[in-house]
Amino acid sequence: MKKNIKKLTALVIFSLFALLVAYAETAKTLPVKAVQKYALSNGIEVYIRDNQINEIDALQIVVMGGAAYYPKEFSGVEDLTFDMMLYGSKNYTYEQFKDTLYDLCSTGGSRASYYAGRLYLTSARENFLKTIDVFLDGFLQPRFEQKYFDLLMQNNAQRLQEMLNDPIELGFYEANKVLSEGLNAATSSTVTPESFDNMSVELVKKHHKSLLDARRIKIVAVTGMNKDELLDALEKKLGAIPCVSAEIKMPPIEKFNITGAPLKLVHESAAGAGYIARIYPAASSISDEYYAEAIAEAIFSSNMHNVIRTKYGACYTPYCSNNGGINNIGYEIINKCTDYENIIPAMQEARDLMAKNKIITGLDKKGNYIFSTVEAELESYKNQFITGYYSSQQRTSNLASRMVSGLILYGDPEALDNTIDKIRAVTSADIKAVFEKYVLSDEERWLSVTGLDDKDRVTLPGEPEAGKD
């Protein structure tokens, strides 16, 4: 899914982090030139990176702003709007749109995030201009047919039902409402249970008009074709879009409502083996501390596994990660917990050991911990991040995505080119500092999702103990 809810679970953040790392590693190994900046007559910025690595070119149409341009009751409207751009246009029915792209050996899709919406496409170079023409037609003049809107809403209904059926997804959804209450972050990039009934074709049409603002639109391309031909094609299609906004409005960096009473939820699917989460403030993804924190959380996940699962057998999977956003939270997750009475002390033991620079690499035959140190393990973890997804990253589409991420996060399409250097620069002192600052923070909020019979078996920190005021 393209969904914020999914990003909060499993090891997605580790994967996303590794993707960024792999993008940066690709930049070091592929013979690409620096990004060149151009502008259309109406000021739309165009960023082009020369592609000499293959004959497959990529382009992304980005509309900056995201959730800053709509309230939480319309959560997901931008996601739907960009999706509808792929279901036909004034000059192409949906079937013609699909068939044309198939004939051109071209592919693409859409994505809406908290910070921007985008269309993305890839094509053989010989068909690149034709592919761009089809996609831009959908961007400028979607057909907005009711039957395809209804299909997208059915897909959203299925996604939301899957979320409601999943204890940990539902738990984080409910927690996020509390964490973001009163903030811009309360607006989701995808349709929510609360916004579902507010969605309509009319609303999507209205939102689409707001996207056609030259000040908000940016184009990113990785191509080996003649730059003047590409710019001429973009000018013909996009040069007449007016400048509407006085300035680009982006969601602010906000501090979540971390500190507060624990949340104890009941879900029938969690009966017998539930979920516990400790939520804490995390470094923003644009912070200098972000890479150190992500590595620290990966190292700490090893401690959690060896203490909580291997030694005590208290749950199926424990791990630590963060949400990976500019507005960011971190969390320790306990998946399928069975020992509710002892899980909180076990989590504390894992934290205490890492705070003392004791990194557990296993247990000996007597069940005693085998210790290492951050200094001894750090290079291995750095290499895991760097090489995790490297083999799948040597594609022009990923170079385009990296450029877009740089624009969104830093206002610079080349900002992520030096990610490898930043990771290599992380020291053991950095790991210890961010672990203490973030993971060990006194700001925390606890969450549990259990079966009804298990709800009172666990006492979360901050919750009055049974029988006490």
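These are my notebook entries on what I looked up in this structure, which is a predicted model.

**Entry 1: the six-stranded sheet**

I began with the strands. Six of them form an open sheet in the order β1-β2-β6-β3-β5-β4, and the pairing is mixed. I then asked which strands stand at the edges. They are β1 (36-39) and β4 (107-112); each has a single partner strand, so one side of each is left without a neighbour in the sheet. From one strand to the next the twist averages 15°.

Strand β3 (residues 56-64) pairs with strand β5 (residues 116-124) in the antiparallel sense, over nine bridges. Within that pair, I found Met64 opposite Ala116 in β5.

**Entry 2: helices on the sheet**

Next I looked up helices that lie against these strands. Helix α3 (residues 77-84) packs on the sheet and touches β3, β4 and β5. The direction of α3 makes about 25° with that of β5. I also noted helix α9 (residues 227-238), which lies across β1, β2 (45-50), β3 and β6 (217-223). Helix α9 runs at about 155° to β2.

**Entry 3: aromatic rings**

I counted the aromatic pairs and got nine. One of them is Phe97 with Phe135: the ring centres are 5.7 Å apart and the planes stand at 65°, so I wrote the pair down as edge-to-face. Where do the two residues lie in the chain? Phe97 is in helix α4 (residues 94-103) and Phe135 in helix α5 (residues 128-140), so to speak of the pair is to speak of a link between distant parts of the chain, 38 residues apart. Both Phe97 and Phe135 are buried.

I also found one aromatic cluster formed by Tyr87, Tyr94 and Tyr148.

Two charged side chains sit over rings. The charged end of Arg216 is over the ring of Tyr69, 3.5 Å from the ring centre. The charged end of Lys358 is over the ring of Phe371, 5.3 Å from the ring centre.

**Entry 4: Met347**

I picked Met347, which is found in helix α11 (residues 340-355). Met347 and Glu379 are 32 residues apart in sequence, and their C-alpha atoms are 25 Å apart in space.

**Entry 5: strands β9 and β10**

In β10, Ile334 stands opposite Pro318. Strand β9 (residues 315-322) and strand β10 (residues 329-337) run antiparallel and are joined by seven bridges. Strand β9 is mostly covered, with six of its eight residues buried. The hairpin of β9 and β10 has six residues between the strands, and there Gly324 takes a positive phi near 75°.

**Entry 6: helix α13**

I looked up the length of helix α13 (residues 396-410). It has 15 residues and reaches 21 Å from first C-alpha to last, close to the 21 Å expected at 1.5 Å a residue. How many of the 15 residues of α13 are buried? The count is 12, and I noted the helix as mostly covered. Among the buried residues are Thr396, Asn398, Arg402, Met403 and Gly406. Just after α13, Gly411 takes a positive phi of about 75°.

Most residues other than glycine have a negative phi. Phe144 has phi near 55°, and its place is in the loop between α5 and α6 (146-165). At 11% relative accessibility, Phe144 counts as buried. Asn357 has phi near 65° and lies in the loop between α11 and β11 (359-363). With a relative accessible area of 18%, Asn357 is buried, the cut-off being under 20%.

Methods
Residues are numbered from 1 along each chain as its sequence is written. This is a predicted model: local features need pLDDT of at least 70, side-chain atom pairs count only at pLDDT 80 or more; totals for chains, interfaces and linings use all residues. Side-chain values use heavy atoms; hydrogens and water are left out. Helices (H or I, at least four residues) and strands (E, at least two) are DSSP runs, numbered from the N terminus. Rings of Phe, Tyr and Trp (its six-membered ring) pair if their centres lie within 6.5 Å; planes under 30 degrees apart count as stacked, over 60 as edge-to-face and the rest as tilted. Buried means under 20% relative accessible area, exposed over 50%, partly exposed in between (1.4 Å probe, protein chains only). A charge sits over a ring if NZ of Lys or CZ of Arg is within 6 Å of the ring centre and within 35 degrees of the ring normal. Two strands pair if DSSP finds at least two bridges between them. Axes are lines fitted to C-alpha atoms, for helices over the stretch in contact, and angles run from 0 to 180 degrees between N-to-C directions. Contact means heavy atoms within 4.5 Å. The expected span of a helix is 1.5 Å times one less than its number of residues.
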